[in-house]
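Please look through the sequence and the structure before reading on.

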Amino acid sequence: MKARDGIDLVMLAALWGAAFLFMRMGAAAFGPVALAAVRVTGAACFLVPLLVWRREVPALRAHWKPLLVVGVMNSALPFLLFSYAALAINAGLSSIFNATTPLWGAVIAWLWLKDRLSASRVLGLVIGFAGVAWLAWDKASFKPGDHGVSAASAIAACMLAAFFYGLSASFTKRWLTGVPPMAVAAGSQLSATLVLAVPAFFFWPERMPAPADWAAAAMLALLCTGVAYVLFFRLIANVGPANAITVTFMIPAFAVLWGALFLGEPITGAMVIGCAVILLGTSLATGVLKLPVAAKPSVARR
């Protein structure tokens, strides 16, 4: 990995970590549906002109059906669910549960695409989901908070969003392999915009959000989604998907940092331990870490 690629990786982690901060800042004013709609609409307005400039619009037209599905599974629903969770739990905690995405991806790929799970990957799944269960048990409360959302339902929303991300990864591998990455990025945001347009109309806030709320939504759309997709696909092109996906391990650190700096969110020992356990499981489940393989005994020749 060259120095520029390393900078891109850190920038991407910082932007995706900031997404949880901006959702936390804007969710109450917009509501989950409207905030998700603003996010994908802004990202589409950023990415579609890039797609036109790259002359890859024909790829979007040729694959519009699977792109519509990816737009729902990889953007519309997860963005809505994480915005919902932001009403009850802090940015750092949401990002930690988001880090389970590779765990769900490994399970779904095993069930659907018949990807083989080694002993290391199985152990990683067990460790990762055990960390989730421990952290959720520590934080889950069924008592509704200020916005009528309980911590338990927020955690469930985060896990469901991560599941959709994992499902989308297998779907993309199955149906969109070979499609230009920018067509997938722009097409998914455009389709998510179309899907969320009508719900956003009905769930648009009665009171117009303040300029600060609009600024948070704009940063979420343009930087944390539009620019982040460009960085992510540039990393995939330069260093490969296996190296690009390591950004998953850095996102919680930035999300916790931004939340602490700008919102005064506490960093608890339970969060740190839970995050470490989940990331250990994720690193094993994705093959970043592997159990040592015992050497086979050599057979002496006569």
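In which hand, right or left, does α9 pass α10? The crossing of α9 past α10 is right-handed. The model described here is a predicted one.

**Helices α9 and α10**

- Helix α9 covers residues 181–202 and helix α10 covers residues 211–239; their axes come within 10 Å and cross at roughly 160°.
- Because angles over 145 degrees count as roughly antiparallel, α9 is roughly antiparallel to α10.
- On the α9 side, the contact is made by Pro-181, Met-182, Ala-185 and Gln-189.
- On the α10 side, Thr-225, Tyr-229, Val-230 and Phe-233 meet these residues of α9.
- By class, the residues of this contact are 6 nonpolar and 2 polar, with no charged residue.

**Helices α6 and α8**

- Helix α6 (residues 101–112) packs against helix α8 (residues 151–175) at an angle of about 45°, and the two axes lie 8 Å apart.
- The two helices, α6 and α8, are therefore oblique to each other.
- Their crossing, α6 with α8, is right-handed.
- From α6, the residues in contact are Thr-101, Trp-104, Gly-105, Ile-108, Ala-109 and Trp-112.
- From α8, the residues that meet them include Met-159, Ala-162, Phe-163, Tyr-165 and Gly-166.
- Further along α8, Leu-167, Ser-170, Phe-171, Arg-174 and Trp-175 also take part in the contact with α6.
- The contact of α6 with α8 divides into 11 nonpolar residues, 4 polar and 1 charged.

**The cavity**

- Rolling a probe the size of a water molecule over the atoms shows where empty space is left.
- The count is 1 cavity of 30 Å³ or more.
- The volume of the largest cavity is about 40 Å³.
- Its lining consists of Phe-20, Met-23, Arg-24, Phe-82, Ala-86, Ile-89, Asn-90, Ala-91 and Ser-94.
- Two elements, α1 (3–30) and α5 (91–98), each give two or more residues to the lining of the largest cavity.
- The largest share of that lining, 3 residues, is supplied by α1.
- Sorted by class, the lining of the largest cavity holds 6 nonpolar residues, 2 polar and 1 charged.

Conventions. Residues numbered from 1 in each chain as written. Predicted model: local features only at pLDDT ≥ 70, side-chain atom pairs only at ≥ 80, totals over all residues. Heavy atoms only, no water. 1 Å grid on protein atoms, 1.4 Å probe; cavity = no way out; pocket = protein on both sides within 12 Å on 5 of 7 lines; lining within 4 Å. Points joined across faces, edges and corners; volume = space filled by probe spheres on them. Helix = DSSP H or I, 4+ residues; strand = E, 2+ residues; numbered from the N terminus. Nonpolar A, V, L, I, M, F, W, Y, C, P; charged D, E, K, R; others polar. Axes fitted to C-alpha atoms, helices over the stretch in contact; angles between N-to-C directions. Parallel < 35°, antiparallel > 145°, perpendicular 65-115°, else oblique. Left-handed = near helix turned anticlockwise from the far one by under 90°. Contact = heavy atoms within 4.5 Å.
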